Amino acid sequence: MSNTIHLLLKQNIGAKNNPIVKVGDEVKRGQLIADFEGFIGANLHASVDGKVIEVNDDEIVIEANEVQGEDYVKIEKGATIAETVKNAGIVGLGGAGFPTHVKLGTDLGGTGYILCNAAECEPILSHNMDQLLHEPEKLLRGMKLCMESCNAAHGIFALKEIHEKEILALNKIIDDDRITVKAMPNMYPMGEERAVVRECLGIVLETDKLPSEANAVVVNSETMCAIADAVDDLKPLIEKDVTVAGYLNTANSLEIFKDVPIGTRVGDLIERAGGLFKYGEYGEIIMGGPFTGKSTTMDAPIVKATGGILVTKPYPKVNKKMGLLVCACGGNEDRLREIAGYMGAEVVGVERCKQAVEGKGGALKCENPGHCPGQAQKMLGLKKAGAEEVLISNCTDCTNTVMGVAPKMGIPVHHQTDTILDTMGIERVRFLKDGQKK
C-alpha cells in the first residue's frame, strides 16, 4: 500500500485550484490546502494528516502519517447554507463535479422542486444505495437543507423502481408532506439530470437548458449527505464512497469502501478489494461506471467525483471491420475507438445516435434521454461504410432499437459495457425487458 496521497488541482467543473501550502508543510486532515478564483470552483482540503512532499501545476502530494486520527479541521460556518457548502469544497459526487454551492444559490421563489438524483444509474455501482440504506436520516436532512437554501416548496427523491428496500427506508422516515419519493423505470440513463426532471415533473428540457428552466434543482444523493455533514458537523469534503468491482480475487468481486480519502491510489483500493485476478491479464481499469467511465491506471488518484473502480477481464478479439454508433448517454467516439482497439478491430465508419445533439465544447447531449425513436438509418450507414460488426454506446432504449434492425442486416452488435458486465456475470444490455417503460 502506498503512503502518499495525490490531490489533483483540477477535480471539478470551473476554476483550477491554487495551492496555498508548500513543500515541507505539515498538514492536518481537513485543512484547506488550495483555493480558487472566481465563482465556479471548489476548495481543496487535505484528506489525511501528513507532510507535503510535492506541489506542482497538477497536484499536491502528501506523505500520510503512519497513524491517522479521526479528527479533522472544521470549516468556517458561512452566513448561508450555500456559503458553508462552498467552504467545504463540495461538488456533484455523481460524476459531473459541478460546484454545489452554485446550485444552492438558486432561488426558487418559494415554489419549485429539489430533485434528489438517487437513481444510481450506472450498472454495478452500489455505494449510493448502500449509503441510503445505512444513513437515510442524513439524506433526508440533506434534502431539507437544499430546500431551505433554494427556497423550494417541494422535494422529490428519485430512485429506480427496482430499489424497493431503499424506497421503503425513505418512506419510513419522511416526516414532511412536502417531500415525496418517485419510482423511475429501471433503465439507463434514468440518472441523467434532464431525465430526472422529465420523470419527476413531466417536463422535457431542451439540450441546452438547465433544470432551473423547470423551476428545479437536481442534487445527487451522496452530495446531499455531504451537504448535511458540512452544515451540521462543519466537515469538508475529504472522503468518498467507492464501488470496486470486477476481475478481482474476492469471492463476490464487488466491494464498497466507505470514507476513502480523496487522493488515494487506485491500485491501493484494488489491493484492498483482493487484488487483480491471479490467473491472467485483465482488460482495463475503468474509473466511473460502465457507460460513462474512462480507462485509468493503478497509479491514478481517486478524485471527488470518482464513483467506481471497475476491472474488466480481457476484451474479446474480433479482428473485424467495426462501425461505431456513438450515443450522447454513453462513451464518446474516442472511448469507442479505444475499446475497438482493445478488440483488435478496424474502425471503418462512425455514426451518431439519432437524438445526439452537439453542445458546448463538442460534447453530445441527448434530445430526450432514454427515449429513442429508432436507429435503422444509422445502422444502414455503418453497413454501407463496410462495417462487419458494430460497437455501440447506447442507452437501454436505443440499444433495443439497434437490436430491432442489426440482426436483420446480419451485423453482430457489441456494447461498450459488454466486457465489464460479462466479468460480473450480469446480463448484457440488449433488449428492453417486460416492465421496462419506453
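Two strands pair if DSSP finds at least two bridges between them, and the strands themselves (E, at least two residues), like the helices (H or I, at least four residues), are DSSP runs numbered from the N terminus. The model is predicted, so that local features need pLDDT of at least 70 and side-chain atom pairs count only at pLDDT 80 or more, while totals for chains, interfaces and linings use all residues. Residues are numbered from 1 along each chain as its sequence is written, and side-chain values use heavy atoms, with hydrogens and water left out.

With this in hand, turn to strand β21 (residues 389–392). β21 pairs with strand β22 (residues 413–415) in the parallel sense, over three bridges, and isoleucine 392 has histidine 415 of β22 as its bridge partner. Between these two strands the chain passes through helix α11 (residues 396–403), and this β-α-β crossover is right-handed, a word used if, with the strands pointing away from the viewer, the path from the first strand over the helix to the second runs clockwise. β21 is also joined to strand β17 (residues 321–326), by four bridges and again running parallel, and here methionine 322 stands opposite glutamate 389.

In a regular strand the side chains alternate between the two faces of the sheet. In β21, Glu389 and Leu391 lie on one side and Val390 and Ile392 on the other, and all are buried, where buried means under 20% relative accessible area, exposed means over 50% and partly exposed lies in between (1.4 Å probe, protein chains only).

How many of the residues of β12 are buried? Eight of the eight are, so β12 is largely enclosed by the rest of the structure. Glu239, Asp241, Thr243 and Ala245 point one way from β12, whereas Lys240, Val242, Val244 and Gly246 point the other way. β12 is joined to β13 by six bridges, and these strands run antiparallel; with strand β16 (residues 308–311), β12 has four bridges and runs parallel. Threonine 243 takes part in both pairings, with isoleucine 256 as its bridge partner in β13 and glycine 308 opposite it in β16.

Another arrangement is an open sheet of three strands in the order β2-β4-β5, with antiparallel pairing. β2 (18–19) and β5 (44–45) stand at the edges with a single partner strand each, so one side of each is left without a neighbour in the sheet. Two bridges join β2 to strand β4 (residues 32–35), and asparagine 18 stands opposite aspartate 35 in β4.

The structure also holds three aromatic pairs, which are rings of Phe, Tyr and Trp (its six-membered ring) with centres within 6.5 Å, called stacked if the planes are under 30 degrees apart, edge-to-face if over 60 and tilted for the rest. One of them joins tyrosine 247 and phenylalanine 277 and is tilted, at 4.3 Å centre to centre and 35 degrees between the planes. Tyrosine 247 lies in the loop between β12 (239–246) and β13 (254–261) and phenylalanine 277 in the loop between α8 (266–272) and β14 (285–287), so the pair ties together parts that are 30 residues apart in sequence. Tyrosine 247 counts as buried at 17% relative accessibility, whereas phenylalanine 277, at 27%, counts as partly exposed.

Finally, a disulfide is a pair of cysteine sulfur atoms within 2.5 Å, and by this rule the count is zero. For cysteine 146, the nearest cysteine sulfur is that of cysteine 150, 6.5 Å away, and cysteine 146 is buried at 0% relative accessibility. For cysteine 329, the nearest is that of cysteine 327, 4.1 Å away.
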